[in-house]
Amino acid sequence: MGSSGAERAAERLLLAALCSVCQALQDGMLFPTESPSREVKDVSGLWIFRADESPERSRGFEQQWYKSPLAETGPVIDMPVPSSYNDITQDAQIRDFIGWVWYEKDVWVPARWIQDRGTRIVLRVGSAHYYSVLWVNGVKVTEHVGGHLPFEADISGVLRQTSGNQCRITIAVNNTLTLETLPPGTIQYMTDRSRYPAGYFVQNTNFDFFNYAGIHRPVLLYTTPKAHIDDITVETTFSDNIGLVSFNVSVLGSSKAAVKVTLSAQDGRCVASADGSRGVLKVTDVNLWWPYLMHENPAYLYSMEVSVHRTSEDGQTDVYTLPVGIRTVKVTSTQFLINNKPFYFHGVNKHEDADIRGKGFDWPLVVKDFNLMKWMGANSFRTSHYPYAEEILQMADRHGIVIIDECPGVGIKDIRSFGNVSLAHHLTFMEELVRRDKNHPSVVMWSVANEPASEMPPAGFYFKELVSHTRSLDSSRPVTYITASNYARDLGAPYVDVICVNSYFSWYQDPGHTELIGLQLNTQFDNWYGKYQKPIIQSEYGADAVPGLHSDPPMMFTEEYQKTVLQNYHNVFDQKRKEFVIGELIWNFADFMTSQSIIRVVGNKKGIFTRQRQPKAGAFLLRERYWRIANETGVGFTYLGHFCCTSLI
Ligand code: BDP
């Protein structure tokens, strides 16, 4: 790949970024569900695939691979969707590939969808990393920038004009990162011809996870009537035993539509209803949505049925059902309040990461992870370092697991990534994220970035804009970013609602010296609180432990060392949570893959579970602790296993 190719690729990315800024948010992004008026057809499964290995990665576009079946333009291999493509083959070039890859699948569309002109047919990709272009029967239908959010296109017209029921879906995906993408990255050409062949390049990033790529979440076809519910926004509050649900419904495809909203309890009883696209529903004897371990009946969800009836023409009706949890979130200078009661985050940081599938969505993995979190008494997690699949948020809603929802603003370390183009993309990203996740009761806070270079001069303006824009999109949740900067030099901290600090005492600082943790952690907390008087979450702490490696006295990389680090942190947390520390999130829930480097032994080993989800010694330590805290702060539980199993069945 010559440098002109990379520049062109970067240009293509940049143009797309700009066009997404103008195109974003014209429409809603409701999760596709079935209803009497809507059908969903999952077209994930086995797709075919080719990486464009031409030197400039541009052959696919030059030869218009989307115009004819992919197998006719060259060799193809099988590729599962959803999955990262990196670990599926035995080919290191595919694992480490940078540039365009091409996916294709032929599907049949039910004839009635095509024949009924009142049916809208939508193609939706849950996410594809990083930049995607979509064609149907050779016609471009959309493109999207950003690797962690869904995108979709109305393909009714294309299908009706092209070959009827047959639908050839082609998706080209490019994982090149630039200074303006989220996360940022750079392509570096190696010019020393004595060490590197001509055209040799690498992708540099400043984040600690493997840059998995491909179609990571399900691909769906779904229908709506032409006059359809485009978006729903709910906000909830309560006073005494009355719950209030304000709603706003947007309808597209008809100027004359009657909207009806009905709220039902879990037993199916209708508890409130209203006519019109905006309003407030009142629920007497409300059942609030409570976090797991904070209430004997957590995660109570009402069901809000919205129906839209077109009063003219064919009288079409569209129906969409949204789960609604009624709860409030507030922050004081020392507390995080859910439903006006102090909430203490005892939880984990996660990654979407597993053997073979990489970042591909996988139900067995999702359910296993929720079972493990509940087993260990975790009440919360942070979606480090990017938005997770919507299905995961739905699980959290249903199980009462509280979420800090993070955007992929990770590794913003280069001053050039604080410019106007980056900021515009970051603001758009937050708009897309809030639009997708605003209705989840489990989401209690937005995190706009992880460990940016927040001491660099542009960070002050950048984070002021970012935090205030996010607040203007959603005034019902606090906003933060995760810092690892020095309290005295952090320029964004004045703008956030909660201070989230990552620190690795006795690991990256003073390696081997666990005896210093107490002093250093106390100092950390007192400095931050002293300067800002805002509640603090220890948003990361931990140590690598290679499973099965032991030593006593503890040495770095053993299970004993990981335990000792945790214990020393916990001693300080137990003091400070009586004051202003409102949470602790271990780094990390499970071991995860990273790029290769001399400080990683086949990935990051700071998991308390292995990558295969088996517990290390640290998992048992945290389990004891989290259940003890739950017993002190929650409603009082009989201890451990029995509760976990019965609550899950
Ligand atoms: C933190 C980063 C996280 C890393 C972790 C580590 O936020 O992404 O994986 O360090 O080095 O600073 O384990």
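The structure looked at here is a predicted model, in which local features need pLDDT of at least 70, side-chain atom pairs count only at pLDDT 80 or more, and totals for chains, interfaces and linings use all residues. Residues are numbered from 1 along each chain as its sequence is written, and side-chain values use heavy atoms, with hydrogens and water left out.

Two packed helices are described by the angle between their axes and the distance between the axes. Helices (H or I, at least four residues) and strands (E, at least two) are DSSP runs numbered from the N terminus, while axes are lines fitted to C-alpha atoms, for helices over the stretch in contact, with angles running from 0 to 180 degrees between N-to-C directions. Helix 10 (residues 517-532) packs against helix 11 (residues 559-576) at about 40 degrees, the axes being 9 Å apart, so this pair is oblique. For helix 8 (residues 420-437) and helix 9 (residues 458-473), the angle is about 25 degrees and the axes are 10 Å apart. That angle is why helix 8 counts as roughly parallel to helix 9.

Next comes the ligand. Polar contacts are pairs of N or O atoms within 3.5 Å. Asp208 brings a polar side-chain atom to 2.5 Å from a ligand oxygen, and for Glu451 the corresponding distance is 2.6 Å. The side chain of Asn604 has an N or O atom 2.8 Å from an oxygen of the ligand. Taken alone, the ligand exposes 320 Å², and the protein buries 90% of that (Shrake-Rupley method, 1.4 Å probe).

Most residues other than glycine have a negative phi, and most peptide bonds are trans. The Val81 to Pro82 bond, however, is cis, with omega near 0 degrees; Pro82 sits in the loop between strand 3 (77-81) and helix 3 (92-95). Leu182 and Pro183 are also joined by a cis peptide bond, with Pro183 in the loop between strand 10 (166-174) and strand 11 (185-189). Leu293, not a glycine, has a positive phi of about 75 degrees.

Notes: Polar contact = N/O pair within 3.5 Å; in protein donor to acceptor, adjacent residues only side chain to side chain. Parallel < 35°, antiparallel > 145°, perpendicular 65-115°, else oblique.
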